[in-house]
Amino acid sequence: MDLSSLNWTDLILSTFCGVGTSLLATSVAYLFLKPFREKPKAVVGIMAVGLAFVLSGVFFLYFSDTLVEVPDLALLSRAEAEEILARRGLLPDPKPQHHEKTSAGRVIPKSQNPEAGLKVRKGTRVEFSVAVQTPTPLSEEKASQIAINLLHPRTHERVVAKRYPDNVYRFRANGTTSGLLEKYRLLLWVRPIDPPSETPGWYLQRAPMNGIIDINVDGTWSGFAQIGNSVWPPNNGDTVDIAVTVANVEDANNLLSDPGVVTRNSLPGRPYDIAQNVTVRLE
């Protein structure tokens, strides 16, 4: 007999309800028999056990109907993974992540949480990582022709972060560049140091509120860097690293268009300039 073909939900439910109904019917029948009418405690006991079985069946039916199995999303496209989760009543929570062994746009194996095969309630959020491409570094020749500087803030400098209408703190960053052709772009990054972020690494600053806003004809540039977020705001004395990098337009556009928060363990693109251990003062 192939046990894998059995519908265990129906089997358990029918067992509980069948036994419970039989016991309840038996206890009612005993009420009409004289010997058992003289032993009401025994009849009540049988009735209680039968009722417990029936209620257990109802309880099991409720939870078996609201629990769903988490599917295996490994190597699916992001759209496929989101569609499968949505069909099962689960909430997809994709996160971009660099992964050399997984094709761009595919779910990284063993990156999902909860794991595949677990039973969870409908409406549970399922996190999974989607592989993204690594920007192509500039050649030594091209990199040597580009100069980039981060003038403010500098290492160990103190910056003033202001709270904006969206309840997020930001501070200004500026610098200079030369030799930057139209096919290259500047990218601004922030790495929380103390306290560290939940996801360690460099956080890409992106429009419309963050990132490099202006690059002038004289090579000067300016932008905004975000500290914390509306849920986890920064505190006075927090320290961060700030960096600006150069990337090809195509690579930069891929990074800037990635959904969600974009983080990297190491800075993509070169050349770059970094300000370390910048202290934040809130205003």
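Is Asp-93 buried or exposed by its relative accessibility? Asp-93 counts as buried at 15% relative accessibility, where buried means under 20% relative accessible area, exposed over 50% and partly exposed in between (1.4 Å probe, protein chains only). This is a predicted model, in which local features need pLDDT of at least 70, side-chain atom pairs count only at pLDDT 80 or more, and totals for chains, interfaces and linings use all residues. Residues are numbered from 1 along each chain as its sequence is written, and side-chain values use heavy atoms, leaving out hydrogens and water.

**Salt bridges**
- The protein has 9 salt bridges, each defined as a side-chain nitrogen of Lys or Arg within 4 Å of a carboxyl oxygen of Asp or Glu.
- Asp-93 pairs with Lys-95, with the closest N and O atoms 3.8 Å apart; Lys-95 is partly exposed at 38%.
- Arg-191 and Asp-241 form a salt bridge at 2.8 Å, N to O.
- Arg-191 lies in strand S8 (residues 184–194) and Asp-241 in strand S12 (residues 239–248), so this pair ties together parts 50 residues apart in sequence.
- Asp-241 is buried at 4% relative accessibility, whereas Arg-191 is partly exposed at 25%.

**Arg-206**
- Arg-206 occupies the loop between strand S9 (202–205) and strand S10 (211–215); strands are DSSP runs (E, at least two residues), numbered from the N terminus.
- Arg-206 is buried yet has no salt bridge, and the nearest side chain of opposite charge, Asp-258, is 6.1 Å away.
- The side chain of Arg-206 reaches the backbone oxygen of Leu-256 at 3.0 Å.

Definitions and conventions: Helices (H or I, at least four residues) and strands (E, at least two) are DSSP runs, numbered from the N terminus. Lys and Arg count as positive and Asp and Glu as negative; His and the chain ends are not counted. A polar contact is a pair of N or O atoms within 3.5 Å; within protein, one must be able to donate a hydrogen and the other to accept it, and residues adjacent in sequence count only if both atoms are side-chain atoms.
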